[in-house]
Amino acid sequence: MGGGFGAKFGAGVEGILAAKLSREAKAPVRLMLTRFDEALAVGNRPSSFQKIKIGATADGTLHAFEAENYGTAGIGGGGDAGGGGGGADIPMPYIYKVPNTRVKQSSVAVNAGSARAFRAPGNPPASFGMESAMDDLAVKLGMDPLELRLKNDPSEIRQREYKLGAEKFGWKQKYQKPGSSPGVVKTGIGCAGAAWPAGGASKSTQGEAQINPDGSIEFRLGVQDIGTGTRTVIAVVAAEILGLKPEQITVRVGDTNFPPGPGSGGSTTCASISPTVFDVCTKALEQLQTQTGIADARGENWFAACKKLGVSPLVVHGQWQQGLSADHACGVQFAEVEVDTETGLVTVKKILGVHDCGLIVNKITLESQINGGIIMGLGYALYEERVMDNLSGVVLNPNFETYKLPGIADVPDIEIVLINMPERGVIGIGEPATVPTAGAIANAVANAIGVRVSSLPITPAKILAALGKVPPPVNA
Amino acid sequence: MKAFEYATAHSTDSARQLVADKGAYLAGGNDLLGLLKEYLVSPNILVNIKSLPGLDKIERGGKIWTIGSLVTVAQIEDDAEVKKVFPGLHEAASEVASQQIRNVATVGGNLAQHSRCWYFRHRDTVCLKKNGDLCYARNGENRYHSLFTGNPCISPVVSSLATIFTTLDATAIVLRDGKETRMSMAELYQRAWENPLAHNSLNNGDLILRVEIPTTRSRSAYMQISDKHAFDWALVSCAAAAEVVDGKLKSPRVALGSISPVPHQVEAANSFLDGKILDDATVSQAADLILKDAKPLEHNAYKMPMAHALIRRTLLKLKGDA
């Protein structure tokens, strides 16, 4: 359990200070940040303020896109200040092919911690803005927003995913014109797409395995498992190639004495380690054959082969190999919501995610990543907000009491459809899974109530304001 | 947090003596622990009162029920008789925080809990409630604050139980200076309206012993709206209670929580509802009366339509199946 989600991808000012202190003190230094510290000084996901203008021909073909985006990426405008989060720029126009574009982006420098990566940096805000604009455009064109997407999305994979998902979700049966759902509690549906251009491999990844005469085998990789199932992936890949069970494989990671591994970020871990483990295993089988004379040491021959090693264990070194991994995972998500138009409460009833990540290595951890990504996207859509006091600059909610995260009662029925594409090799899924959720939910809310809430999180207060139900304040 | 002594009291007298001037009672500890960790309170001694005899029972009487102050919120939630006799109390209890917190949170602690205002709770902010000069919320981030604001500190009362108790005409019995003092819910919170330093009308060393609830109102209901679906503070909460005779309300009471430093009741609304048959127009008029003098701030005016809807819905729940 646990997770990094990008925020710890760089050492940050505080990490470097701890290292300096350790050097001076000639003693280990433990760096521990409380939630208060996290909120105060060590950087955030950059904010994003977007103004999007989008034009299409009457048949829905996108023609022009104009956008301005600015955000705060901390000290020095973000970029490279040790946080590892990049600047405040986002990919625009997101996903879709538009022949004419004009995009202006700026980073606003503030005296705060530098930008931190947060699960698919730039992509969830880009998806939210673009997908919102797409649905608003669909309303103006009188088009089904799914049709508009199919018309303009250049990705053949997402085209497949939208069609598959729409069928499963019952999009055609469920879709109603925005705001036309009857009654006080209105239902709505929406969808959005994801892209994750990264997710490929770190080509310098290395690893080793020690095979002992008793048949036990230990893999050692300098990679870290930040809660994403890295150990499982190593064991699963090794077990399949060696004809063993995953529980027979010992995996050790997170030690700088081990062969260097990739950073655990950018959804690159899986694509980096899987080919590496494959290479280690292939070499191990070759060496076992050479040393023991047993032609195929896999499966039922394993223990006999290992026994022939005599007293010395066999240590095999391997590295990442071309052709077994790729990048560019896609994904689409569909959301169904209920909105209480008197209280503003949004209840997400269902999320359907259709995702690809090349060859599926392990279904349980994959589905777990997507579930987690969707729940995190739900928090981004409806609950999470860092509130600062304008006068004093203090962060007013440095705790999970008022920095709100989804709880079990907020999580909807989540259905996952996976597209297995072994021909593409291994691709990471960590980030694309969270990208489209907020856009899909925001579109479902707009579809339900007939007006758009144009900022996140979509709180009851904002719903009531969008519906024109909030009176002006009274000056006492 | 600062170091403190710890003692377990076995009688109310010894509890009072141990707490003296600078101690704090410890029951469920949900609120106290947070206050200690943020250095908002620094008692020299924590007096564990969980072993005080006789305060952990729900006693059923013909005309009056007594709920001991050490009864947990979960006990109320799980009590089938409470659900029948005071359905609104059951509903209020089941909306408190999370199951884990309800398991240890006590009635006394729920009533006596301190302000959740994020300026008050922030270690770097010295606001009116901490003897500072300024209420930062009044012109600041006041989305969670009061609609009724003609007083110095605008942080709202957040006790769900106080809201429902108000409509049930419940009385808190408080041990003060060696004597039992009876306080209505209005009295229990009055000081929070007048004095920005106060969270309620209790003095240090006062100990809530029990709550008495008359059974005169057989219909009651409680509803709240939060940003989230569970384990979140109410943005607005509403309770209502009444007798219903021949379809007409008798001695009705409506109260709102989270929108005023005290449980918000409007006498004119209660008398307006008396003798009325519950229908959409009536409950809407009652809601207008209850919210009439509200003064929404820059960021909390959304609570107006929300409260209006909640008042209407909660009142209509009193109709029940009959």
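Strands are DSSP runs of at least two residues in the E state, numbered from the N terminus. With that in hand, welcome to a set of close-up views of this predicted model.

**View 1. A:Val316 sits in a strand of chain A.** The strand is β8, which covers residues 314-319 of chain A. A:Val316 is buried, and its relative accessible area is 2%. Leaving aside residues up to four places away in sequence, A:Val316 touches A:Gly207, A:Glu208, A:Ala209, A:Ile211, A:Val280, A:Lys283 and A:Ala284. For a sense of scale, look for A:Ala64 too: from C-alpha to C-alpha, A:Val316 and A:Ala64 are 56 Å apart in space, and 252 residues separate them in sequence.

**View 2. Helices α3 and α11 of chain A pack together.** Two packed helices are described by the angle between their axes and the distance between the axes. Here α3(A), residues 123-141, and α11(A), residues 437-449, meet at an angle of about 30°, and their axes are 8 Å apart. That angle makes α3(A) roughly parallel to α11(A), because angles under 35 degrees count as roughly parallel. The crossing of α3(A) past α11(A) is right-handed. On the α3(A) side of the contact you will find A:Phe128, A:Glu131, A:Ser132 and A:Asp135, which meet A:Ala438, A:Gly439, A:Ala442 and A:Asn443 of α11(A). The residues of this contact comprise three nonpolar, three polar and two charged ones.

**View 3. Helix α2 of chain B has buried residues.** This helix spans residues 30-37, and its buried residues are B:Asp31, B:Leu32, B:Leu35 and B:Leu36. Why do they lie on the same side of α2(B)? They cover an arc of only 130° around the axis, so they share one side of the helix. Just after the helix, look for B:Tyr39, where phi is positive at about 60°.

**View 4. B:Thr163 is a buried residue of chain B.** Its place is in helix α8, residues 160-167 of chain B. The relative accessibility of B:Thr163 is 1%, and it counts as buried because the cut-off for that word is under 20%. Which residues does B:Thr163 touch, not counting residues up to four places away in sequence? They are B:Tyr222, B:Ser237, B:Cys238, B:Ala239, B:Ala255, B:Leu256 and B:Gly257.

**View 5. A cis peptide bond joins A:Met92 to A:Pro93.** Omega for this bond is near -15°. To find A:Pro93, follow chain A into the loop between β2 (62-72) and β3 (100-108).

**View 6. The peptide bond from A:Leu456 to A:Pro457 is cis.** Its omega is near -5°. A:Pro457 belongs to the loop between α11 and α12 (460-466) of chain A.

**View 7. A:Lys26 has a positive phi.** The value is about 50°, although A:Lys26 is not a glycine. You can find A:Lys26 in the loop between α1 (12-25) and α2 (35-41) of chain A. Is A:Lys26 buried or exposed? A:Lys26 is exposed, with a relative accessible area of 75%.

**View 8. A:Ala120 has a positive phi.** Phi of A:Ala120 is near 70°, in a residue other than glycine. The loop between β3 and α3 of chain A holds A:Ala120. A:Ala120 is buried, and its relative accessible area is 0%.

Definitions and conventions: Residues numbered from 1 in each chain as written. Chains lettered and ligands numbered in written order. Predicted model: local features only at pLDDT ≥ 70, side-chain atom pairs only at ≥ 80, totals over all residues. Heavy atoms only, no water. Buried < 20%, exposed > 50% of the residue type's maximum accessible area, 1.4 Å probe, protein only. Helix = DSSP H or I, 4+ residues; strand = E, 2+ residues; numbered from the N terminus. Arc of directions from axis to C-beta. Axes fitted to C-alpha atoms, helices over the stretch in contact; angles between N-to-C directions. Parallel < 35°, antiparallel > 145°, perpendicular 65-115°, else oblique. Left-handed = near helix turned anticlockwise from the far one by under 90°. Contact = heavy atoms within 4.5 Å. Nonpolar A, V, L, I, M, F, W, Y, C, P; charged D, E, K, R; others polar.
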